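This report describes the ligand site of one protein model and then some features of its chain. The sequence and the structure come next.

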Amino acid sequence: MTYDFTTLHPRANSGSSKWAAMQAIRPDLPADVIPLSVADMELLNPPEIAEQLGRYAAGTILGYTRPGDSYYEAVESWMARRHGWQIQRDWIVTSPGVVPALFHMVLAFTQPGDQVILFPPVYYPFYNAVRESGREIVECPLLEKDGRYEIDYDRFSQLAETGKLLIFSSPHNPVGRVWSREELEKLSAICLEKEVLVLSDEIHFDLILGERPHTVYATVSKEAAEHCAVCTAPSKTFNLAGLQTSNIIIPNKELREKYQKVQSQLGLHGCNMLGYQACETAYRQCEGWLEELLTVLRENRELVRTFAAAWLPGVKPVELEGTYLQWLDCRDLGMEPKELERFMQQEALWFTDEGYIFGTGGAGYERINLACPTWVLRKALERLRDALQRRG
Ligand SMILES: Cc1ncc(COP(=O)(O)O)c(C=O)c1O
């Protein structure tokens, strides 16, 4: 490996949201307990980014700044190189995060009281984006068959009669599915027929661990592209969430303008100039780092799979095709969700995202973050093994 994926960088009391949440629950923890929750990495960023930000900040007046030509070229080139997606510069709308963009697009594309469809268990801020703008959440739970999740097309087709918008996670957080082109075609056929717009949140699209490649929703067909917004960002891929820079890509001019209008009504004018620099540097210089990261994530996925089979009776990892978030089926431990949470936090010293926060179908599951040095993950797994053995 050229890059360092083994050093653990201290983050306790650093302001990290993930660490602060753990320390609030258990301020007295031993120093070697690392949280496995919130989706950022316990891994240093690509050094190219830190170097470029240092140089840039030292040699630049930090005034109001728009992304320049080279920023847009870097984003366009990334989409073409990594995703086979030819985009045009004016399709890109920058946003200080995908979650804010989802909130704003729900406001832009629907009216109060409109129905917005979700596929739970799903990333819980999707619920907030709908609820907090006075729209109605309609759930179309994923179907789980022998540990594999699928879209319930029949139910979706019924809900699409009255639903106006779908917020879709692709790859899917938390169940780790990478949707195939065929699945997306089936989905888009329903959406086009029943006039359901799609917000395709593809923030994890670079983190593909299995064989199946990621398909950008907008590449399914020209019609699908005209009826969607694709949410992208360098933040999951390169661990840049704190820089709050994302690219929302909307081929349809009318939709784009509606979204931009809401942005401006809310007083939002662009992102942080250091975020633009980091995104450009990542997309131009950090592909080598990403390839090595993917190797580490695959190793960590394999470690969880083999360790659970050998040592964690009642804990079944769901096959992780994409994202670095491993969905663990703990229902066979026979604990109620709150008891499971207590056991994980108090007995195993596991600070994870509890399955129940992801809505329908989440209870009895844990979501753990694999983006950490392999030795850190191993220690966590050993702590869970020991806690299960003590429980008998
Ligand atoms: C599916 C999904 N969307 C959005 C986000 C967060 O996006 P942002 O930090 O750009 O608001 C996450 C973070 O985990 C996520 O998993």
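Which polar side-chain atom lies 2.7 Å from an oxygen atom of the ligand? The atom belongs to Asn173. The model is predicted, and the distances below are computed from it.

A polar backbone atom of Val98 is 2.7 Å from an oxygen atom of the ligand. For Val99, a backbone N or O atom is found 2.9 Å from a ligand oxygen. On its own the ligand has 400 Å² of accessible area, and the protein covers 88% of this.

## Salt bridges

There are 29 salt bridges in the structure. One of them joins Arg11 and Asp40, with 3.0 Å between the closest N and O atoms. This pair connects distant parts of the chain, as its two residues are 29 residues apart. Arg11 belongs to the segment before α1 (17-25), whereas Asp40 is in the loop between α1 and α2 (47-59).

## Cis peptide bonds

The peptide bond from Pro120 to Pro121 is cis, and its omega is near 0°. Pro121 is located in the loop that runs between β2 (115-118) and α5 (125-131).

Ser170 and Pro171 are also joined by a cis peptide bond, here with omega at about -5°. Pro171 is part of the loop between β6 (163-169) and α7 (181-194).

## A positive phi angle

Which residue has a positive phi although it is not a glycine? The residue is Asp146, with a phi of about 50°. Asp146 is placed in the loop between strands β4 (143-145) and β5 (148-150).

How values were computed:
Residues are numbered from 1 along each chain as its sequence is written. This is a predicted model: local features need pLDDT of at least 70, side-chain atom pairs count only at pLDDT 80 or more; totals for chains, interfaces and linings use all residues. Side-chain values use heavy atoms; hydrogens and water are left out. A polar contact is a pair of N or O atoms within 3.5 Å; within protein, one must be able to donate a hydrogen and the other to accept it, and residues adjacent in sequence count only if both atoms are side-chain atoms. Accessible areas come from the Shrake-Rupley method with a 1.4 Å probe; for residues, only the protein chains shown count as cover. A salt bridge is a side-chain nitrogen of Lys or Arg within 4 Å of a carboxyl oxygen of Asp or Glu. Helices (H or I, at least four residues) and strands (E, at least two) are DSSP runs, numbered from the N terminus.
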